[in-house]
Amino acid sequence: MELLLLLGILALAYAMVSAKRMSALIAGFKFQSGLLFVLTGLEGLYVVAAIVLLLKVILIPFFLFRILKQIKVDEQVGFVVNPMLSLLAGLFLTYLSFIFARNLFSGGELGLIIALAVSFAVMGMGAFIMIFRLKALTQIIGLLVIENGIFLLASTLTGGLPLIVEMAVFLDVFVSVIILGIFVYRINALFTGIDVDQLKGLRG
Amino acid sequence: MLRFILIILFAPLVSGFITRLKNNLRLRRGPSIFQPYYNLAKYFRKDEVVSQETSWIFRITPYLVFTATASAVFFTTSPGSLITLIFLFSFARFFLVLAGLDAASSFGGMGSSREMFISSFIEPVLFLSVAALWLSTNSMIASALAATALFLAALAETSRIPVDNQETHLELTMVHEAMLLEYSGRSLAILELAAQVKQLIFLMIIAGLIFNNLALLPVIAVLVALVELSLAKMRLFRVVDYIAFAGVLAVFSVVMSIVGAII
Amino acid sequence: MGWFLFDPLSLFFIVLILLISFPAFIYSLGYLKGHHTRFKNILTQLAMAAFVLSMILVVSVRQVFVFLIMWELMSLLSYFLILSDKDSPKSVEAGTIYLVMTHAGTAFLIMAFFLMYKVTGSFDFLVIKQALAGLPGHTKDMLFILLLIGFGTKAGIVPLHIWLPYAHPAAPSHISCLMSGVMIKTAIYGLLRFVFFMLGINALWWGGLVLGLAVVTCLVGVIYALIEQDIKTLLAYSSVENIGIILLGVGASMFLVKAGLPVLAVLALSAALYHLINHAVFKGLLFLGAGSIYRATGTRNIEKLGGLIKTMPWTALFFLIGAMAISALPPLNGFVSEWLTLVALFGGVLGLSSGFLKLFFCFCAAALALTGGLAAACFVKAFGIACLAKPRSQQAAAAKEVHWTMNFGAGFLALLTIALGLGAVWVFKLLAKIAGYTTGLDASAMNFSPGLFTLQPVGNISLSPVWLALLLLVIMGVVFILLNLVLGRSKVTTVPTWDCGYYKLTARNEYTATGFSKPFRLVLSFFLLPYQRSEKIKESFYHVKSFVYETNTKQVFNEYLYAPLVNFTFNLGRLAKNIQQGSVHIYLSYIFVALFLLLIFMGRF
């Protein structure tokens, strides 16, 4: 059961990496968080699961969609690397994380290794989204995906971090998203567009 | 103590002697050898005229200069005490130069500038010659070289040709005289006497300490006169070459005395 | 764990610090009055008190780490004090140069201290001293070089001296007095403590190197002082020169310790210590005087001063005493310490065996004589042009005597100058003991003064400052009285200066400071590299309306040594700037690439 969920999370990560429209990205994130919710629930961490549901499945995607409607930009995700290549890169990242997970836990059980590998892969793909997409909103989503990966790692490997830490992390994520959202709005107002590459002039 | 009084009394005589000799060699009669005494007496009798720009330094300088120069007499006995003597002369010069600047005239300033310039470079020559004397007195070559270096330095310090002309009346060519330009009366007398005492002290050092024979003093005075006659006054910046030559001689004298000490 | 070390060496320096801080503090009461808000004045005074405290702690702590902290504190506090008189962008530039240079020096000190810790395993001075005794020669050599560079930057050894002419003039005058009089001496303390006391002299070339550097420092300092027209910059360069003279004594002592001539070594070090305290006193005095002049006239340029001896008699008198002391005029303290250093060098000439070494010491003595002569020329110019003759500007003509606290501070130091000169014998006895303790030689049997009033350092050379002073006074008194008795009081008429028939001489007919030092500028042009620019503004072909003449000298060390270094560093920075592309994506990729590489390097992949 967990394996299926993990595979689902991985597949959604691929979907996000090769998504062509922003609403697709946000939807992918929503579904991935949903799967994460189910997984955490299965692990027995009910409180944390509830928070995941609240924040990552309901509130944050709602907030992101709202921004999308407000700034009325072109729904195209600005590509530095085209979708096909991105997908290949995602696959390569998955391969690397498998090798890394295997070296890390050379004598462990397979389920754990797969969980580790998936979480590293998700983290890597979140980073990929941040680096190789031009729009500011995609960077927020990339950050959230990385956070998903970390969360996955924490809940499968260690049986969850202490509650306080989880609370703090969630608070951090929520607040960062709000702030980044505001920034995106401002960037849009200033530059008529959210192309982050236009910020190149801000250097010493 | 007696030495002290004798030196002060005889200093003008030496000066007069040199002047008379120079003139005789120029086939003229020249003034009497006691002329400096008559001059001093005349100055002492006259009133002083002091510039309104000057301060108390101008008034006190003649006494300071004379005191320092006269005190130097007590330090001519052995080579070691010559170091203090050089410092005392520097004391006298310091105040004389200040007095030259005090009157707010260009000539005084010029004389002060030139005097400091020449004397700054003469000091190492003096110290090196003193060092040579102090290190060893039994090496003939070292004594001769030190004597020559000291002689050249003495010519510079006592404002003789080829460094400075005591007989000039053109302010632009003066070095020592320019600083005395504003002085008159008693102060001028004291300053002139001080200059003559300094001259005598230098001659005494060369004759007495190097050759250990004070009777050579008139010989050196004659030498001074001959040098004054035969050379012309140098341009100020050529004096540097002159001092460099004296310096080289002094260095060689030190080397010779070191080597002499080893041999 | 002992925190403090109150041995003779540190007590000497503590006395020195307190001796100079007291008049500087009194002076500052008058100096700061009315020029800043009351709050800022109190803040500055507190900073100064902290500065003095930090210096006292520097010379008395026993742990290397605490020493370093106090050293840094001293540098930082002085930096803030320099900037407290922030009237121009020059102060900021001065502060920056000072900060950079002092930290460069501290970097070398840190290197030396770490090396010391590595080889001895302790931070305590006394423990290190024991442990350093058995170390191999090249470790000690390395330590010596690092310490020399580190302390040399603070002391002002050429070519590490460039911060001095910027920092000392920019600071308020009582701080300049403290910096020039005391702070650069703490660097000499560092050298004495770490090299003499702890390391022990290992090789002859140490002393030779210090002597060579000292000669260069002397000459460079005095040459630049000669051509300087800003009175405080002139004093700063003169401090460089005097540090050179102190180092002549220190270097000679290092050399003589290793050469096995203990009496002469103690003599040389005592002469250096004596010049150290003398310089602190008369340089402090000169800076306080310069500060009074600046307060009264608003300018530091001596070309615009003049006639101050009539409008500010006390300030001028104290400045004169300082100038006399620094030019080594008998019987003041500068004369005694320069005399002693000369005699120590001559003693070295006599005592050393190799002919080449004798010549080297002789050459050092000649260099000392030359700097003495040039320094006298420099201060004759400074005092003569600033204080004598006619005022050269409105500000100078309008000068009034300063607040009594400022003159009190200066007067205290002037009295101290005279006292240190006359009391030379007793001071020297104390210093010989301190020097003996520092070099580790037994100085109890060395007697440098046969009588109560005479110093007889070497052979048959002797000096008695008290008798000399008495002699001068007696002769002067006798002459004066004699003349007045025999000839009656002289009748003096006051008239204008002889003016060759052009009536109405103005201040423009006086000699200028630039003119006074022009012969030196010409003769030393191979080093000073002067350049001049002249421009004729003509109304017609034959009629020149005005003429502009500008002459300047190149700062050799700044242009040929430091400017290339600074340019090189900036170019490196420009190259490194290319990393900052401005694109968020590239920055993000930097992060992840770095993470990735870290994982690989940690062997975890």
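Which residue takes a positive phi just after helix 13 of chain C? Ala328(C) does, at about 60°. The views below come from a predicted model, in which local features need pLDDT of at least 70, side-chain atom pairs count only at pLDDT 80 or more, and totals for chains, interfaces and linings use all residues. Residues are numbered from 1 along each chain as its sequence is written, chains are lettered from A and ligands numbered from 1 in the order in which they are written, and side-chain values use heavy atoms, leaving out hydrogens and water.

**View 1. Helix 13 of chain C.** This helix covers residues 313-326. Helices (H or I, at least four residues) and strands (E, at least two) are DSSP runs, numbered from the N terminus. The 14 residues should span 20 Å at 1.5 Å a residue, and the end C-alpha atoms are 20 Å apart, which agrees. The expected span is 1.5 Å times one less than the number of residues.

**View 2. Burial along helix 13 of chain C.** Of its 14 residues, 11 are buried, so helix 13 is largely enclosed by the rest of the structure. Buried means under 20% relative accessible area, exposed over 50%, and partly exposed in between (1.4 Å probe, protein chains only). The buried residues include Phe318(C), Phe319(C), Leu320(C) and Ile321(C). Gly322(C) and Met324(C) are also among them.

**View 3. Domains of chain C.** The assignment gives domain 1 (1-195), domain 2 (203-494) and domain 3 (556-601). Such bounds come from an automatic or database domain assignment. The C-alpha centres of domain 2 and domain 3 of chain C lie 50 Å apart. Chain C averages a pLDDT of 87, and 98% of its residues score at least 70. pLDDT is the predictor's confidence in each residue, from 0 to 100.

**View 4. Chain A, a helical chain.** Chain A has seven helices and zero strands. Its radius of gyration is 17 Å, close to the 17 Å that the globule rule gives for 204 residues, so chain A is as compact as a globular protein of that length. The radius is taken over C-alpha atoms; the rule is 2.2 Å times the number of residues to the power 0.38.

**View 5. Chain pairs.** Chains B and C share the most contacts of the two pairs of chains in contact. Contact means heavy atoms within 4.5 Å. No contact joins chain A and chain B. Their closest C-alpha atoms lie 54 Å apart. The model scores ipTM 0.92 and pTM 0.82.
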